[in-house]
Amino acid sequence: MKAVEVKEHRIKRYDELLTLLGKELGFECIWPNREANEVVWEATSGATCSFKITEKHIVVRASRPLHGQEMASEVGTIVHHEFEKALWTWCKRNPERGDQLQKALYEPAQDFPEPEPPQHLLWRVLENREWGPEYYVLTFGVGGRSRIDPQPGQFMHVVCDPDGKDTLTDDGRRRGYALTLRRPFSVHRVHYAGFDRRLLATPKMLPFEISHIIRRPLSKMDILYKLVGEGTRSLSRVQPGRLLDVIGPLGNGFNIERERTAIIVAGGIGVAPLVALAERLRYLGTEVYMYLGAVTQEHLQPILRDAAVQRGFIHGTEFCERIMREFEEIGIDVVKVCTDDGTVGEKGLVTDILEGDIEAGSIPSHSVTMYACGPLAMMKRVSDVARKHAIPCQVLLEERMACGVGTCFSCTCRIRGKDGKVEKKRVCKDGPGFNSEDIVW
Amino acid sequence: MVGLETKISDLRMHTPLLAVSGIFGIEYSKLSPKLPGVGAVVTKSVTLHPRSGNPEPRIIETPAGLLNSIGLQNPGIQRFLSEQIPELSVLEVPIIASVAGSSMEEYVVCSSLLAPRDEIDAIELNVSCPNVEKGGIEFGSDPGVLRHLVAEVRKAVGSKTLIVKLTPNVTDIALPAQAAVDGGANVLSLINTLRGMVIDVDTCRPKLGNRFGGLSGQGIHPVAVYMVYRCYTSCGQGEKGVPIIGIGGVSSGEDALELILAGATCVGIGTAMFRDPYDAKSKKSVFQRVEEYLRTYIEKRGIHRISDLVGKAAEVSSLGFE
């Protein structure tokens, strides 16, 4: 295979990982051969171990002298994304050391830059289309030099009537009336310049290249919204090409743990922030189980953004398959679609089906984190299910917002603090992501 | 004073614009550290004891406005003194501390704790609060009670600049205005929010958790203009005249100028900040917009300083009625 060009600092990172690995197992590196992507290690006992990085795997060859002469060798291969999770089998044969390795490799996420402070921005609308009944997806084009990295669960605070702004013109004369408040929209999808999300499925490239890509600038951002009032109606009339005044990214999003497994539960429009979450979890190599619930098929259409779907040419089982393929593309194999009326997927409440699967053992309930977003009653139900099975669970709350940055105290909710006392916390600043156990429902 | 420079009591500001209580917070200055166009800031009303505020929902947008019932959520005077004052003192403009209370004693205690602090340039009394001892009537709506309250606070704060923020929910604002002046106020600020309510026709219930709230925003501007005019003509003019901070529905330069012409020395901006908070980078904040308008206005007309325009609309009342 041809040598892969990688940035110096990423090679260094990978080397660091291997060095740790080797040291834990009692080897010292003697010969790194970058061109062949192979590193050879030696132990004082005379045993040697080589790591060879190929497109799909790391091939580990360990040999030790036997009876002074013969070399007994073991060959193991580790798939790249498993290596990142330190789940490779060779380590497991020495469970103690294996655990140490896991700790060493699991440093706090260095791959993602610290979120930039919220900024006041003008973003261009690239697309603003209706994909479901009163469900719209608006795509913003972000300036090329943007250094923002929105975290899943954060939101943008948007002025929905740009023409209203024109009535409050810069020359200071007043001509009319504008919407008093901005509207908050959670980040639905982010696009990085030059990055194909299908790479999230199984890394076809080396792991350090994937994390290198994440450092690329944000090129586009999608928000998914439903028409519920004056603001959203105004926003739906904004034509592509217009500039919109946005502040963000704001809020404390989901606190993403490096669990091996995550269960994501979406209810209706609550799916909006969870798609960004699913993609981010896949960057981290987490195994994701996705539960999509909606009242009826139409409410799930915006996820596919397909004209044929929107016009009803694709529905029922075929629709279900399309949704599953959409998520398979990024490496999520289990996607359960549930509708209240059974028009697509399983019939029933997503929370009932989730509970059924946990109790039947068809999805794991240990070393798992649950994330949910949807109507309040649905999130409460998910939180009950999570509590019953001792699964840590985070939800994304929503409340009417004015300032969006934490000064006005309009968007409060009741949260139980560490000392057990109930406090009023701000959804815009202390949340929107909260541990479901802390919420006073 | 030249151009937009303003002096009110002993506060010196580079523009006549203030960021009003309940809207401005230190988080905004993180978006834009320099606060262009802002002459002074007023803090969120602080009370003696911490308050957790009203049940949600606390706000609802109205046509050309906003109805709010936050309920004065604040960490209490002790934490204000120890945590929030140091945070605010990095701002380079005068800081006015707003005080609220449900009894006279609470106002007096809080004010006496704030007066000695050098970081605080003035104290504003938020008298739109229900007087628990008198059945919940706002302090600011009973002139006798108000005069007594202001007098007691005056004793406690010595010579510190004392501002009284009047409630518009009265029959004639000139009466509480005069009462505040008699009690010893240096400055009057008006108006606070108008009492209002929104009902949800689907649930048949009020939309706010507290049922009713205070109306602010573009829609109330004409009420503010009238009330500033009324106060200016009754106790703002002449040698014993007390300067006025005009607040209410300002979102453009014209709105601000109207209040000045009606008799306001300074103008407060609140609700409009939600849409156009501070930022000097990509677009102008409401403060910058208003500041530029005022500057252009006086330059074009050869007016030396903005204070020359204060109360100009009240000058020629040749028809002889107020």
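**Exercise 1. In this predicted model, find how many residue pairs are in polar contact between chain A and chain B, and which elements of chain A supply the touching side.**

Solution. Start with the polar pairs: between chain A and chain B there are 17 residue pairs in polar contact, both residues at pLDDT 80 or more. Next, look at which elements of chain A take part. At least two residues each come from strand S6 (119–132), helix H5 (162–167), strand S12 (243–250), strand S19 (412–416) and strand S20 (422–426). Of these, S6(A) gives the most to the side of chain A that touches chain B, namely 4 residues. Finally, sort that side by class: 17 residues are nonpolar, 11 polar and 14 charged.

**Exercise 2. Describe the extent of the contact between chain A and chain B, and name one salt bridge across it.**

Solution. First take the residues: chain A brings 42 and chain B brings 46. Then turn to area. The two chains bury about 3,700 Å² between them, with 52% of it on carbon and sulfur atoms. Now the charges: 4 salt bridges are counted between chain A and chain B. One of them pairs the side chains of Arg426(A) and Glu27(B), at 3.4 Å from N to O; this falls inside the 4 Å cut-off for a salt bridge.

**Exercise 3. Summarise the fold of chain A in terms of its elements, burial and surface.**

Solution. Begin with the elements: chain A has 13 helices and 21 strands. Then consider burial, where 54% of its 441 residues count as buried. To finish, the accessible surface of chain A is about 20,100 Å², and carbon and sulfur atoms hold 48% of it.

**Exercise 4. Where do the cis peptide bonds Gly248(A)–Pro249(A) and Gly431(A)–Pro432(A) lie?**

Solution. Take Gly248(A) and Pro249(A) to begin with: their cis bond has an omega of about -5°, and Pro249(A) sits in strand S12 of chain A. Move on to Gly431(A) and Pro432(A), whose cis bond has omega near 15°. Pro432(A) belongs to the loop between S20 and strand S21 (433–435) of chain A.

**Exercise 5. Locate Phe409(A) and Leu72(B), which have positive phi without being glycine. Is Leu72(B) buried or exposed?**

Solution. Phe409(A) has phi of about 60° and lies in the loop between strand S18 (393–396) and S19 of chain A. For Leu72(B), phi is about 55°, and the residue is in the loop between strand S6 (65–68) and helix H2 (77–88) of chain B. Its relative accessible area is 16%, so Leu72(B) is buried, given the cut-off of under 20%.

Methods: Residues are numbered from 1 along each chain as its sequence is written. Chains are lettered from A and ligands numbered from 1 in the order in which they are written. This is a predicted model: local features need pLDDT of at least 70, side-chain atom pairs count only at pLDDT 80 or more; totals for chains, interfaces and linings use all residues. Side-chain values use heavy atoms; hydrogens and water are left out. Contact means heavy atoms within 4.5 Å. Buried area is the accessible area (1.4 Å probe) that two parts lose on being put together, summed over both. A polar contact is a pair of N or O atoms within 3.5 Å; within protein, one must be able to donate a hydrogen and the other to accept it, and residues adjacent in sequence count only if both atoms are side-chain atoms. Ala, Val, Leu, Ile, Met, Phe, Trp, Tyr, Cys and Pro count as nonpolar, Asp, Glu, Lys and Arg as charged, and the others, Gly among them, as polar. Buried means under 20% relative accessible area, exposed over 50%, partly exposed in between (1.4 Å probe, protein chains only). Accessible areas come from the Shrake-Rupley method with a 1.4 Å probe; for residues, only the protein chains shown count as cover.
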